[in-house]
Amino acid sequence: MNYALIGGTGVEHFTLTEQRIITVKTPYGTVEPIVGKLANRELVFMSRHGRGHVTPPHLVNYRANIWALRELGVRKILATAAVGSLSVDYHLGELVLFDQFLDFTKSRPLTFYEGGHHGVLHVDMTEPYCSAARQVIVNAAEDLGLVVKNGACYVCTEGPRFETPAEIRMFQQLGADVVGMTSVPEVVLARELGMCYASIGMVTNEAAGIAAHRLSHAEVMESIKKLGSNVAQLIQATVELWSPDQECLCVSANVEVGKF
Ligand code: HPA
């Protein structure tokens with residue numbers, strides 16, 4: 001099972017052929033992903049927030065999810081994430097691929113390497129989102145005639161509340177382009193286990209204080225509904241183009257464990 005899709009807000013369901021739910025036990029808890037086929041390739045589908053959007057961003061069991069994918073042999077993860085825009089360059093309804101992140105989370109377990117028998121890993125984050133995987137998504141988008149912006153700095157907040165306008169102004173000054181609540185530590189944990197990870201961001205709203213109105217989850221869901229079919233096509237086309245080979249540095253990110 002080489003490939004996985006982690007569906008974020010609005011992508012709680014994704015129909016695969018020959019799909020079935022499996023149970024994977026991990027040191028961090030039990031996960032029940034769906035396995036099946038997409039474009040005739042075996043794929044694991046995981047709904048980040050659960051099938052009924054029941055788990056808020058700060059309580060997602062990121063370690064169990066990523067561990068389970070590794071356990072299933074996954075090498076490449078495609079994720080989706082709803083984001084708010086902080087910049088005039090990222091418009092409502094656009095698709096963006098993150099290339100950097102700023103981590104403003106507060107209370108989440110953020111590593112598999114807790115010291116002791118786990119060892120210590122200071123994993124490289126020079127290029128957090130696999131550039132080879134992003135290029136495949138760009139190629140898939142071109143084939144479909146979809147516009148995808150390759151490169152955006154994602155600021156991850158703790159949630160589940162939305163940000164204050166003052167926070168958004170601070171994040172703008174720090175260089176963030178879009179804001180969400182889930183990409184960290186997911187992207188970090190994938191790298192710690194040597195998997196490629198790329199995320200398709202769906203710009204669902206203008207961030208707090210930029211929009212002339214208050215933010216609501218309903219607004220986010222409404223935007224996602226409009227983007228839904230484009231995103232589904234892009235996921236399928238990406239999986240079709242993907243090869244299992246990891247010709248990038250993601251795979252060797254954890255060779256330095258404990259060698260300090
Ligand atoms: N802030 C945080 N997370 C989000 C937003 C936002 O404005 N939109 C979608 N996810």
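This is a predicted model: local features need pLDDT of at least 70, side-chain atom pairs count only at pLDDT 80 or more; totals for chains, interfaces and linings use all residues.

Colleague: Let us begin with a helix. What makes α1 mostly covered?

Modeller: Seven of the ten residues of α1 are buried. They are Tyr62, Arg63, Ala64, Asn65, Ile66, Ala68 and Leu69. A residue is called buried under 20% relative accessible area, so these residues of α1 fall below that limit.

Colleague: Against which elements do the buried residues of α1 pack?

Modeller: They pack against the strands β1 (3–7), β3 (24–26), β4 (29–31), β6 and β7, and against helix α4. After α1 comes Gly73, with a positive phi near 95°.

Colleague: How do you know that α1 and α4 meet, and which residues are involved?

Modeller: Contact means heavy atoms within 4.5 Å. On the α1 side the residues are Tyr62, Arg63 and Ile66, and on the α4 side they are Pro185, Glu186, Leu189 and Ala190. By class, this contact has five nonpolar residues, two charged residues and no polar ones.

Colleague: At what angle do α1 and α4 pack, and what is the hand of their crossing?

Modeller: Helix α1 (residues 62–71) and helix α4 (residues 183–192) pack at an angle of about 35°, and their axes are 9 Å apart. The crossing is right-handed.

Colleague: Pro185 belongs to that contact. What is the form of the peptide bond from Val184 to Pro185?

Modeller: That bond is cis, with omega near 10°. Pro185 itself has its place in helix α4. The bond from Gly159 to Pro160 is cis as well, with omega near -5°, and Pro160 is found in the loop between β11 (153–157) and α3 (165–174).

Colleague: Why is Glu18 called exposed?

Modeller: The relative accessible area of Glu18 is 60%. Exposed means over 50%, so Glu18 is exposed.

Colleague: Ala39 also has a positive phi. Why is Ala39 called partly exposed?

Modeller: Ala39 has a relative accessible area of 26%. Buried means under 20% and exposed over 50%, with partly exposed in between, so Ala39 is partly exposed. Its phi is about 50°, and its place is in the loop between β5 (34–38) and β6 (41–47).

Colleague: Let us turn to the largest pocket. What is its volume, and how many residues line it?

Modeller: The largest pocket has a volume of about 370 Å³ and is lined by 26 residues. Thr9, Ala82, Phe162, Met181 and His217 lie nearest its centre. The elements giving two or more residues to the lining are β7 (76–85), β12 (178–180), β13 (196–206) and α5 (217–241).

Colleague: Which element gives the most to this lining, and how do its residues divide by class?

Modeller: Strand β7 gives the most, with four residues. The lining as a whole has 14 nonpolar, ten polar and two charged residues.

Colleague: Glu206 lies in β13. What makes Glu206 partly exposed?

Modeller: Its relative accessible area is 37%. Leaving aside residues up to four places away in sequence, Glu206 touches Ser85, Leu92, Ala211 and Leu215. Glu206 and Val88 are 118 residues apart in sequence, and their C-alpha atoms are 9.3 Å apart in space.

Colleague: Finally, why are Gly209 and Leu249 called exposed?

Modeller: Gly209, in the loop between β13 and α5, has a relative accessible area of 55%. Leu249, in the segment after α5, has one of 72%. Exposed means over 50%, so Gly209 and Leu249 are exposed.

Terms used. Residues are numbered from 1 along each chain as its sequence is written. Side-chain values use heavy atoms; hydrogens and water are left out. Axes are lines fitted to C-alpha atoms, for helices over the stretch in contact, and angles run from 0 to 180 degrees between N-to-C directions. A crossing is left-handed if the near helix is turned anticlockwise from the far one by less than a right angle, and right-handed if clockwise. Ala, Val, Leu, Ile, Met, Phe, Trp, Tyr, Cys and Pro count as nonpolar, Asp, Glu, Lys and Arg as charged, and the others, Gly among them, as polar. Buried means under 20% relative accessible area, exposed over 50%, partly exposed in between (1.4 Å probe, protein chains only). On a 1 Å grid over the protein atoms alone, a cavity is a set of points where a 1.4 Å probe fits but cannot get out, and a pocket is an open set with protein on both sides within 12 Å along at least five of seven lines; lining residues have an atom within 4 Å of a point. Grid points are joined across faces, edges and corners, and a volume is the space filled by probe spheres set on the points.
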